[in-house]
Amino acid sequence: MNIHEYQAKALFVKHGIPVPKGGVAFSPEEAVRVAKDLRAQTYVVKAQIHAGGRGKGGGIRVAKSIDEVRYQAEQIINMNLITNQTSPEGRMVKCIYIEESSNIARELYMSLLVDRGTSRIAVIASNEGGVDIEELARKTPEKILTVPIDPAIGMAAHYARRIAFALKLRGKQINAMVEFLTKLYDFCTSCDALLVEINPLIESVAGDIVALDAKINFDDSALYRHHEIAAMRDEDEEDPIEVKANKCGLNYVKLNGSIGCMVNGAGLAMATMDIIKLYGCEPANFLDVGGGATKEQIAAAFELILSDKNVKGIMVNIFGGIMRCDLIAEGIVAAAKKIDLHMPLVIRLDGTNVANGKQILAYSGMKIIAADTLEDAARKIVNAVGELA
């Protein structure tokens with residue numbers, strides 16, 4: 001789960017991580033009130049969406065007076081912000097963050113993320129932060145330091161000092177970075193964050209270390225332990241199909257292809273998407289119905305696939321272990337009765353109660369293309385969709 005910058009910074013403040021003073025506003029009038037409370041000489045007005053690249057897209061602007069804050073708020077709120085991390089249609093801005101400007105000596109980069117390769121939290125840092133960090137990673141990756149943290153000892157001082165030296169900090173700033181990283185690591189582990197990114201992390205003219213930005217992604221599976229964080233979810237920033245899938249207890253990720261996939265098991269789902277691509281088409285989604293889905297969940301999964309207007313054909317690939325093939329078949333038939341299906345449907349069933357499942361489908365009256373193997377199913381659905389083109 002992602003949250004907005006203003007929410008992330010509120011959590012940082014709660015955990016003693018230094019950020020500039022600021023406040024959120026949902027209207028120009030609120031923006032003016034926030035700015036008056038800050039009493040700064042210069043303000044930064046930031047669009048709040050779940051995407052990076054806001055500055056280049058015109059979503060971060062400087063205001064040198066209260067009147068300018070109002071003007072910029074009027075320009076940004078309700079604008080359709082397009083960045084390199086949004087869809088081509090962009091994202092509607094519903095609120096802004098008003099922040100006091102900072103006297104920046106240097107822009108740095110820092111993130112903490114779960115490194116699955118080492119099964120540790122890794123700190124990624126560079127003394128060249130800012131808007132072009134992606135370009136830096138692509139052209140000069142040697143300028144980026146990665147330090148995996150041993151969970152048995154946590155953010156030990158020697159880790160933090162190594163990072164501070166790599167960032168070319170000196171004197172009291174080294175101790176400040178040790179304290180900063182200790183708090184940041186504790187925040188990351190205590191809140192079950194998968195990613196905490198600060199770009200830029202700044203060294204101010206006064207020598208302070210301050211988080212000028214904050215992007216956080218939390219582990220959905222751990223949100224039951226963090227009700228305050230779970231309440232920060234903004235479903236307007238998420239794909240509506242994915243939101244619906246989450247409420248149905250299904251693992252769904254929307255993609256850009258034309259073949260909808262319904263599979264049980266993440267590994268089998270990945271293999272299904274790979275073989276669709278191998279035969280010349282693109283999957284429209286990742287959809288894992290899991291090993292214990294009910295008939296109602298299967299019907300919901302089928303409806304989710306069909307709600308994607310890009311879908312031109314559907315491939316169902318089920319291996320019944322815990323999941324019974326007859327339940328899958330009943331769910332597909334139940335969904336088909338609600339929706340008039342006018343696209344190719346290839347179904348490959350195998351495993352528990354497969355004979356019963358195939359019988360249910362055979363007597364359903366639906367136009368189904370049966371397949372015996374994964375390869376057979378992929379070839380048939382790609383050919384069927386190709387014939388419609």
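Student: In which strand is the place of E107?

Tutor: E107 lies in strand 7, residues 104-115; helices (H or I, at least four residues) and strands (E, at least two) are DSSP runs, numbered from the N terminus. The model is predicted, so local features need pLDDT of at least 70 and side-chain atom pairs count only at pLDDT 80 or more, while totals for chains, interfaces and linings use all residues. Residues are numbered from 1 along each chain as its sequence is written, and side-chain values use heavy atoms, with hydrogens and water left out.

Student: Is E99 buried or exposed?

Tutor: Buried means under 20% relative accessible area, exposed over 50%, and partly exposed in between (1.4 Å probe, protein chains only). E99, in strand 6, is buried at 1%, whereas E107 is partly exposed at 32%. UniProt, in an unreviewed entry, lists both residues under "binding site"; such annotations may be inferred rather than shown by experiment.

Student: Which residues of helix 2 are buried?

Tutor: In helix 2 (residues 28-38), they are P28, A31, V32, V34, A35 and L38. They lie on the same side of the helix because they cover an arc of only 165° around the axis, taken from the directions from the helix axis to the C-beta atoms. On the other side, R33, K36 and D37 are exposed.

Student: How is the packing of two helices described?

Tutor: One gives the angle between their axes and the distance between the axes. Axes are lines fitted to C-alpha atoms, for helices over the stretch in contact, with angles from 0 to 180 degrees between N-to-C directions. Helix 2 and helix 3 have axes that come within 9 Å and cross at roughly 145°.
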